[in-house]
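Please look over the structure below.

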Amino acid sequence: MDIRIELTDTPKAKPSDESNLGFGHVFTDHMFIMDYETGKGWHNARIIPYQDLVLSPASMCLHYGQEIFEGLKAYRTAEGKVQLFRPEENFKRMNVSNERMVIPQINEQDALEGLMKLLSIEKDWVPHTEGTSLYIRPFIIAVDPYLGVKPADRYMFIIILSPSGLYYSTGLNPVKIYVESRYVRAVRGGTGFAKTAANYAISLAGQDEAHKQDYEQVLWLDGVEQKYVEEVGSMNIFFVIDGEVITPELTGSVLPGITRKSAIEVCRKMGYKVTERKISIQEIAQAYDAGKLEEVFGTGTAAVISPVGHLKWNDKIMEINNNEIGKISQMLYDTMTGIQWGKLPDEFGWICEVK
Ligand code: COI
């Protein structure tokens, strides 16, 4: 793929205090873009200075939400190498989301090549401080200026980069999660498995309610019976009950997380029994009452491994593992971050170095 490169004349100062990066506030000097037009396919791949987009106010993505996105990270190792974690999985999932949202397929190799080129230019933006990384946000938007409801004929594929710290300000301290019983995030036949803006937009009302009650995130129940646990929106969810690791199965309304998939592989390798199945909130409450709910944790690219310390379901408040990180959550955190930051050997073949 030909990529035109235009470098900035006015590079920005890099953040001086990497301990306070937060998540998704700072953006690097350049971005990758390519265009799509029916009949022409994806074309005009370019890396240009980071800048605002010029879009028609009639752009279809602004009205009907035809868009999809991904999230992955570049990590700096102690030796100064920059590496990615299973990036091909993100571009594969991007095409799954594209299919659901009637967005044209991308060439996954070309997308990875565009990302690699962008990262080779922006390498110095990958932060050095422990626990920080360069968050990568590829996304596709429908840009036809048209107010009718139909799949667009023109799209933009864009990759932006953001040096980031922790997604949750609580870090590895357990998060408080509110089980949403009023709103739902996804329904059978809907878009729950796709990484598309609408899934996040409709989660905001539940998140707002959770915040009002001093909870950080929402645990979504299935959209039909509001009984079975699905996911948290920014992460997938796992329960350890009586030594067994259980996570909701992928039924179409749960995002197929790459950290989720990797955590399952790591747990199995370490000899834990892992089961993907439907699990109801009632079953979790019963396990809690019986003293068998040993750990709850979330997995996600941004969230990494996040222990859950409190679960609030209606009037029931469950304090998990004395609000402390559990054995399996700690093992997963150490293993995943160890591989990502190059402190542990890459036994699974998940790492891809940026040259
Ligand atoms: C990610 O973990 O990369 C995500 O896309 C979650 C996001 C909503 C912060």
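How many nonpolar, polar and charged residues does the lining of the largest pocket have? The lining has 16 nonpolar, 15 polar and seven charged residues. Keep in mind that this is a predicted model.

## The largest pocket

The largest pocket has a volume of about 690 Å³. Its lining is made up of 38 residues. Those nearest the pocket centre are Tyr167, Lys195, Tyr200, Gly233 and Ser234.

## The ligand and its shell

Where is the ligand? The space that the ligand takes is the largest pocket. Around the ligand are Phe69, Gly71, Tyr135, Arg137, Tyr167, Lys195, Tyr200, Thr301 and Ala302. By class, this shell has five nonpolar, two polar and two charged residues.

Which protein atoms lie 2.5 Å and 2.8 Å from an oxygen atom of the ligand? A polar side-chain atom of Tyr135 is 2.5 Å from a ligand oxygen. For Lys195, a polar side-chain atom lies 2.8 Å from an oxygen atom of the ligand. Thr301 uses its backbone: a polar backbone atom there is 3.3 Å from a ligand oxygen.

How much of the ligand does the protein cover? On its own, the ligand has 280 Å² of accessible area, and the protein covers 90% of that.

## The cavity

Rolling a probe the size of a water molecule over the atoms shows where empty space is left. Searching the whole structure turns up one cavity of 30 Å³ or more. The largest cavity has a volume of about 140 Å³. It is lined by 14 residues, and Tyr75, Phe85, Thr259, Thr301 and Gln340 are the closest to its centre.

Strand S5 (72–76), H6 and helix H8 (327–340) each give two or more residues to the cavity lining. S5 gives the largest share, three residues. The lining divides into seven nonpolar, six polar and one charged.

Definitions and conventions. Residues numbered from 1 in each chain as written. Predicted model: local features only at pLDDT ≥ 70, side-chain atom pairs only at ≥ 80, totals over all residues. Heavy atoms only, no water. Near = heavy atom within 4 Å. Polar contact = N/O pair within 3.5 Å; in protein donor to acceptor, adjacent residues only side chain to side chain. Areas by Shrake-Rupley, 256 points an atom, 1.4 Å probe, with all protein chains shown as cover. 1 Å grid on protein atoms, 1.4 Å probe; cavity = no way out; pocket = protein on both sides within 12 Å on 5 of 7 lines; lining within 4 Å. Sits in = over half its atoms within 2 Å of the grid points. Nonpolar A, V, L, I, M, F, W, Y, C, P; charged D, E, K, R; others polar. Points joined across faces, edges and corners; volume = space filled by probe spheres on them. Helix = DSSP H or I, 4+ residues; strand = E, 2+ residues; numbered from the N terminus.
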